[in-house]
Amino acid sequence: MATEQGLPFGEKYHPAIKKLMELRRESLENIEEFWDKRARALIWFKYWDKVLDDSNPPFFRWFVGGVTNITVNALDRWIETPVKNKVAYYWEGEPGDTRVLSYFELWREVNRFAKVLKDLGIKPDDRVVIYMPMIPELPIAMLAAARIGAIHSVVFSGFSPKALADRIVDAKAKLLITADGYYRRGKVINLKKNADEGVRLAEEQGVKVEKVLVVKRGGLDLDVNMVEGRDYWYDELVKNVPYNTYVPPEPRKSDDVLFILYSSGTTGKPKGIMHSVGGYMVWTYWSFKWTWDPRPDDVMWTAADIGWITGHTYIVYAPLMHGMTNVMYEGAPDYPQPDRVWEIVEKYRVTILYTSPTAIRLFRKYGDEWVKKHDLSSLRLLGSVGEPINPDVWKWYYEVVGGGKTPIVDTWWQTETGAAMIAPVPGIALVPLKPGSATFPLPGVDADVVNDKGEPTKPGEKGYLVIKRPWPGMLIGLWGDPQRYIRTYWQRFSKPDEGVWIYYPADYAVKDEDGYIWMLGRADEVLNVAGHRLGTTEIEDAILAHPAVAEAAVVGIPDPIKGEVPLAVVVLREGYKPSKELEEEIKQTVRKILSPIAVPKRVLFVNKLPKTRSGKIMRRLIKAVATGAPLGDVSTLEDEASVEEIKRAWEEFK
Ligand code: PRX
């Protein structure tokens, strides 16, 4: 495999690129025929009347008239095959405790969990919020909800009670599924306490979850408060459900909602991204097949939390639809030692490792010795997701972890896209890789890079990534907010009068002369901290909750490990004075209200924020000061002294 940069690898030169381009051409020239054929690889109760309904753009609908249930494709289909006895999950807890679930056992547990949900009164389309750590009951709960046609909305267990409450309220959830606690960095976290607080805060906002189902992680001795008539131990309910319980999979329309997953946007309110039953199923199945080229003896470890889309698609739905064996790990990948991650790869003979540039940068910082202590010869593919991967980090991953043998599958995608959209596709043909480029769009993905006016850019010219045609895995909308869906994703480049609908992911990108796409980061006011999306407004809102704060502005600044970290600039209220203690308090407030990921690296105190004459905060200037970049056009700035002040504060703190 060639990894050199700049070779003339254009379509006409390389057979792998040629093969990929031929399939892409086929997929885009006749979308409906292409997907009609491929959707039949999956089991449906009824086939569709129409592959793509584009009569009400941008509310595109896939496989309309089709009826299915994704759990049949993830589980039931294996029960009559040898995969039945294959391992679905090797689970490992942070302290080293383990559990192994075969496909048969997983199927059985999903049926039993589904029965418990039904007995609790959960009906199709009810929203079930799942706030759970990385234990096997998390995928089991998701699959059980999907089996009975309920809509799951998983909230990352590291999120605060307030973040949980906001999501419960927005989705008007009927049930919350949680756990007593879990291990993180050697400490036991009492999750039920946070869940209780979340439920209380949601109630204050007028949404009362009827019931709370509490799973025991096992091995913990936690003081758990159970509210009579509201809270139920899962253990106690499931022990009365026989092992041979069969809950028929609820027939779901293809364009019904499979799940909601909240993601940060440019306003304070998170967006409830909705994925469909049929479109998500077909797209994740094929995208997975193309990017990972799954083989029967593979062991896949997606080292992500199921609370994010990466976990939904690559720990739960797609690998199960391919009958893959997965590793699922509870804790921090560098606990108790920096080589925990490599120890797990060695122990389970992992063949595909999928992680984020943030994690890779951290492992690289720990040093090669930690990697070299372990036999990693089982690895055959290494994946990267969540942010652009720096070429040097790419090379380290390729050479030190992969021993120069394992292609790096750098996958660009988003919560909204369901699965990988731009990535090398060894399942079709492995194109020559270039460190730092996610290479080419997958079949069915009509991606391009355009300038401000929406015109295709020339090679080397920075622009915006766009997707010019619908694809099956696209989000089907934002829960309860169709206008925001149109505004956020379709307004920027579409021309509705001409019938042109263009999806805008809000990422910068550039195409090189060989047609390779290089992702360059977010084009909106969303930060990417360690691969996690955080809105500047969201963090500012959390800072403003501190009584001392009058105004706040947040920007992202580069960080060698996390890629980007928040920097806060704050104006205090009368009577408060800047201090180290106050900075710490503000950080704690963000930690409590939002999550530890959102905590600013620094809080700078100033008397005035840089604003335009019309009062809009010029975050761009704060960023320029902190990164030493030129200030650019400051003609709309209300008061130049405000920038001088930030400069001074930054110099003092640096
Ligand atoms: O900016 C892009 C970045 O992550 C964003 C999506 O974040 P989220 O919805 O949380 O999903 C993360 C997991 C898919 C994108 O808009 N991003 C994701 N993957 C890459 C990336 N940036 C560059 N290269 C990638 N491979």
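Let me start with two strands: S16, residues 299-302, and S17, residues 325-329, are paired in the parallel sense over three bridges. Strands here are DSSP runs of E, at least two residues, and helices are runs of H or I, at least four, both numbered from the N terminus. Two strands pair if DSSP finds at least two bridges between them. Met 300 has Asn 326 in S17 as its bridge partner.

A word on the source: this is a predicted model, where local features need pLDDT of at least 70, side-chain atom pairs count only at pLDDT 80 or more, and totals for chains, interfaces and linings use all residues. Residues are numbered from 1 along each chain as its sequence is written, and side-chain values use heavy atoms, leaving out hydrogens and water.

Both strands belong to an open sheet of seven, in the order S5-S4-S17-S16-S18-S19-S20, with mixed pairing. S5 (98-102) and S20 (408-411) are the edge strands, each with a single partner, so one side of each has no neighbour in the sheet.

Now the cores. A nonpolar core is a set of buried Ala, Val, Leu, Ile, Met, Phe, Trp, Tyr and Cys residues joined through side-chain atoms within 4.5 Å; buried means under 20% relative accessible area, with a 1.4 Å probe and protein chains only. The largest has 129 residues, and Trp 35 and Tyr 317 are among those with the most contacts inside it. Helix H9, residues 277-292, gives the most to this core, with ten residues. A second, separate core of 28 residues includes Tyr 329 and Trp 342.

What does Tyr 317 touch, leaving out residues up to four places away in sequence? Its contacts (heavy atoms within 4.5 Å) include Ile 70, Met 142, Phe 259 and Tyr 280.

Definitions and conventions. Buried means under 20% relative accessible area, exposed over 50%, partly exposed in between (1.4 Å probe, protein chains only).
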